[in-house]
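Me: Please go through this structure with me as a set of questions and answers.

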Amino acid sequence: MKHTGLRKPFALTALCAAVAMSSLHAWAVTDQEILNDAKSTDQIVTNGLGLQGQRYSTLDTLNTNNINQLRPVWGFSLGGEKQRGQEAQPLIKDGVMYITGSYSRVYALDARTGKELWQYDARLPDGIMPCCDVINRGVALYGDLVIFGTLDAKLVALNKDTGKVVWKKTVADYKAGYSLTAAPLVVNGKLITGVSGGEFGVVGKIEAYDAKNGELLWTRPTVEGHMGYVWKDGKKVESGISGGEAGKTWPGDLWKTGGAAPWLGGYYDPDTDSLLFGTGNPAPWNSHLRPGDNLYSSSRLALDPNDGSIKWHFQSTPHDGWDFDGVNELISFDYKDGGKTIKAAGTADRNGFFYVLDRTNGKFIRGFPFVDMITWAKGLDKTGRPIYDEAHRPGNPADADKGKSVFVAPSFLGGKNWMPMAYSQDTGLFYVPSNEWGMDIWNEGVAYKKGAAYLGAGFTIKPLNEDFIGVLRAIDPKTGKEVWRYNNYAPLWGGVLATKGNLVFTGNPEGYLMAFDAKTGKKVYEFNTGSGVIGSPVTWEMDGEQYVSVLSGWGGAVPLWGGEVAKRVKDFNQGGMLWTFKLPKDLVAKR
């Protein structure tokens with residue numbers, strides 16, 4: 001059953017209905033299931049394998065002793081000519097798997113066989129303006145709904161049995177450069193989403209909708225000076241200006257087109273009842289046009305899920321002049337310090353620094369480089385603010401040198417980009433997919449025009465090494481020590497999964513799903529999927545067996561923006577396949 005955004009009336013044949021319904025169960029995803037997702041093993045109902053986003057599974061049937069017996073059991077092609085940039089994480093509920101594909105498509109599959117149950121294709125207009133490929137990172141599940149965002153900035157809720165549209169909501173104007181690419185987040189019945197579009201001078205915002213019907217509950221702009229609102233009894237009520245008066249850390253009217261798009265979405269920490277989101281770059285890239293810290297760009301925010309008010313903020317790159325953003329995931333974790341439990345949160349920033357924050361108040365605990373080379377800053381001060389090396393800020397095109405080019409490491413694609421890291425509750429380590437590259441960057445004059453690129457900069461990205469760009473790192477957040485690393489020839493652009501079986505899974509653009517010993521970094525498994533892996537792997541239990549699934553399909557920002565790096569990956573094939581593996585029962589090794 002394939003459905004499109006055309007919403008044409010149609011009838012199911014009795015045969016198709018019987019086949020589809022025989023594979024489905026009467027289920028409704030509850031708030032409690034969402035809160036408990038990190039502990040469940042027979043389903044995955046959140047992006048991140050739990051609201052805190054640790055991407056850790058308590059399953060250990062599959063482990064370092066038997067991983068060599070992991071076998072593919074089915075593959076599913078996303079079909080058509082849209083084989084490009086598959087970044088989604090699968091969700092699984094009662095034997096049905098839900099994924100998104102490039103170009104705003106959704107699929108429901110029988111998780112045992114890979115048989116397609118239904119497909120929904122959004123009807124996208126010709127004028128969409130995605131910054132960084134036509135990707136989508138996954139759905140949210142709530143009640144009997146499958147909800148996702150589209151490249152023309154809509155939220156769409158589908159019936160989980162049929163794929164029919166239940167409700168649809170326009171979040172923003174795609175003609176101004178807005179789009180949606182993140183997997184939505186559901187917290188206590190509220191559907192939370194950010195927006196993409198910082199390269200077009202949009203105003204970033206985080207919003208909550210009633211997941212049952214799509215009604216807007218609150219909106220929180222992420223550029224200082226814009227008013228937030230809540231809706232009470234159907235009436236719009238002001239809920240305060242973000243950060244105080246307009247223009248406090250922005251010159252003139254630039255706050256009106258300030259960017260700071262929270263395009264990656266966020267997580268939720270039930271311990272502090274906080275939404276944890278990151279925000280993107282300030283617009284334009286040319287920092288000489290906008291003196292000041294430019295709040296709340298390139299920051300991490302904690303928001304009250306009830307009204308969107310900002311509890312605290314931490315700005316990783318004030319007055320960002322390199323497009324370092326601050327959207328990378330902020331993962332909640334606890335650790336012991338002198339017998340005291342510290343409620344912390346960890347994030348690996350595009351700017352090359354790893355930060356550990358107190359998630360109760362946003363205070364800086366520690367920070368350290370996690371990449372081999374950082375040129376733009378000399379270090380961090382005691383508050384976590386970078387100590388800039390102004391010689392590595394691109395020049396002002398209004399000056400005599402006409403926007404002098406400088407070399408900067410990392411490149412704007414970051415020491416780590418969107419691809420989510422994992423945290424192991426067993427080792428206490430973060431497993432960080434990272435890249436070693438730099439860039440020549442220069443500034444140019446630019447003026448805002450609705451729907452046009454708003455950069456004011458040029459750049460060329462360069463590898464820092466001949467033999468590798470990507471590095472999978474195991475990092476101790478308490479010491480800053482790199483415990484082990486795996487170097488990869490091409491950039492790493494896919495998510496990571498950690499398991500209690502002492503395994504760490506990720507994929508690479510060369511096409512391999514790989515598994516590593518979580519303690520030593522030894523590669524213990526690989527499988528060639530046929531195209532680059534830039535999705536996020538998952539594992540779950542079904543019928544007493546442990547399964548692993550991952551999307552394969554090369555694309556994303558690297559081949560579009562990568563400069564000299566793009567030459568290194570130019571021969572990689574695009575694709576669109578969902579691979580599912582399992583460890584057969586008769587091959588389970590006793591530990």
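**Disulfide, hairpins and a covered strand**

Me: What kind of model is this, and how are residues numbered?
Reply: The model is predicted; local features need pLDDT of at least 70, side-chain atom pairs count only at pLDDT 80 or more, and totals for chains, interfaces and linings use all residues. Side-chain values use heavy atoms, with hydrogens and water left out, and residues are numbered from 1 along each chain as its sequence is written.

Me: Which residues form a disulfide?
Reply: A disulfide is a pair of cysteine sulfur atoms within 2.5 Å. The structure holds one. Its sulfur atoms are 2.1 Å apart, and the pair is Cys131 and Cys132.

Me: What is the relative accessible area of Cys132?
Reply: Buried means under 20% relative accessible area, exposed over 50%, and partly exposed in between (1.4 Å probe, protein chains only). Cys131 is partly exposed at 23%. Cys132 is partly exposed too, with a value of 29%.

Me: Where does UniProt place the Pyrrolo-quinoline quinone repeat domain?
Reply: UniProt positions follow the numbering used here, feature names are shortened, and annotations may be inferred rather than shown by experiment. The entry is unreviewed, and UniProt places the domain at residues 51-365 and 470-538.

Me: How much of residues 470-538 is strand?
Reply: Helices (H or I, at least four residues) and strands (E, at least two) are DSSP runs, numbered from the N terminus. Over residues 470-538 the end C-alpha atoms are 21 Å apart.

Me: Which residue in the turn between E22 and E23 has a positive phi?
Reply: Two strands pair if DSSP finds at least two bridges between them. Seven bridges join E22 (residues 331-337) to E23 (residues 340-348), and the two run antiparallel. Phe333 stands opposite Ala344 in E23. Two residues separate the strands of this hairpin, and the positive phi, about 60 degrees, belongs to Gly338.

Me: How many residues of E36 are buried?
Reply: E36 spans residues 503-507 and is mostly covered. Leu503, Phe505 and Gly507 point one way, Val504 and Thr506 the other, and all are buried.

Me: What is the bridge partner of Gly507 in E37?
Reply: E36 is joined by three bridges to antiparallel E35 (residues 497-499), where Leu497 has Phe505 as its partner. Five bridges join E36 to E37 (residues 512-517), also antiparallel. In E37, the partner of Gly507 is Leu513.
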